[in-house]
Amino acid sequence: VTPIIPRRPSAEQEWKTAWWAVIAVLVSLTVAKHVAGFAGPYGSYIYTAVAALQLYLPLYLTRRLPNQSERLGIHASGVISELKTVVLLSLIVFPLFAIGHHFYQTLFFGKVFQFKMVTGLPELILTHTLAVALPEELFYRGYFQVALERKWKPQRRWFGVRMGWAVVITAALFALGHFLGEYNPLRLGPFFPAFLFSWLRSRRGSLWGAVLFHAGANILGQTLFVWYTTPK
């Protein structure tokens, strides 16, 4: 018996579905941030539910595709090479970010550098890798960006990787997700590193480089904030 292979939806159908999915995620994020403030110790469960939504939607919407893991970039091949790329990119980007953060904290807020041991480091690493970077990258770069690229083919190469308007729109919505519910203009900052996440995602068709670099950037940012205090 010849197995029936589900027909892949058209580019137009996938594009429309992706937009409904991103609206659902953004609305959920906005509501969660408002509700979590009144939920006390239960606020973490609300954020966990939103993270689960970002994981579930891409897996559900691509469930009938025979090449789902390749489509989302979650296949196991090339993980070591992705790790090498992330390490090299981190050695270039992270020191520059640390320098910029130093001037940002000292010049704009008058804070001083004070080294402290970061408490709960294993929990911090697990949280930002599995509960933040993985769901966000799977939804935005693994699913949404690729759905847009089916309709808006990337035409230009940036450092050897084809990237186009789908990357820009994905970065903007990714930043919007951080802004909604908090309404702090500084929360639009993720728009810029989102281009690096997309570059890593598109370079070899793997999501793991973007997940690891995203997690590393978050952990570094969290650590740097701890190291700067207002002088007494």
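Student: Which polar atom lies 2.9 Å from the backbone oxygen of His-178?

Tutor: In this predicted model, a polar atom of the side chain of Lys-33 lies 2.9 Å from that oxygen of His-178. The side chain of Lys-33 also has a polar atom 2.8 Å from the backbone oxygen of Gly-177.

Student: What makes the pair of Lys-33 and Gly-177 a polar contact?

Tutor: A polar contact needs a pair of N or O atoms within 3.5 Å, one able to donate a hydrogen and the other to accept it. The distance to the backbone oxygen of Gly-177 is 2.8 Å, so the pair is within the cut-off.

Student: Why is Lys-33 called buried?

Tutor: Buried means under 20% relative accessible area. Lys-33 has 14%, so the residue counts as buried. Leaving aside neighbours within four places in sequence, its contacts include Tyr-47, Phe-179, Leu-180 and Glu-182.

Student: Where in the chain is Lys-33, and how do you know that the span of H1 agrees with its number of residues?

Tutor: Lys-33 is found in helix H1, residues 11-39. The 29 residues of H1 should span 42 Å at 1.5 Å a residue, and the end C-alpha atoms are 41 Å apart, which agrees. Gly-40 follows H1, with a positive phi near 60°.

Student: Why is Ile-99 called partly exposed?

Tutor: Partly exposed lies between the 20% limit for buried and the 50% limit for exposed. Ile-99, in helix H4 (residues 79-109), has 47% relative accessibility and therefore counts as partly exposed.

Student: What surface patch includes Ile-99?

Tutor: Ile-99 is part of a nonpolar patch of about 920 Å², with Leu-96 and Phe-103 among the other residues.

Terms used:
Residues are numbered from 1 along each chain as its sequence is written. This is a predicted model: local features need pLDDT of at least 70, side-chain atom pairs count only at pLDDT 80 or more; totals for chains, interfaces and linings use all residues. Side-chain values use heavy atoms; hydrogens and water are left out. Helices (H or I, at least four residues) and strands (E, at least two) are DSSP runs, numbered from the N terminus. Buried means under 20% relative accessible area, exposed over 50%, partly exposed in between (1.4 Å probe, protein chains only). Contact means heavy atoms within 4.5 Å. The expected span of a helix is 1.5 Å times one less than its number of residues. Patches are made of residues with over 30% relative accessible area and no salt bridge: like charges are joined within 9 Å, nonpolar side chains (Val, Leu, Ile, Met, Phe, Trp, Tyr) within 5 Å. Accessible areas come from the Shrake-Rupley method with a 1.4 Å probe; for residues, only the protein chains shown count as cover. A salt bridge is a side-chain nitrogen of Lys or Arg within 4 Å of a carboxyl oxygen of Asp or Glu.
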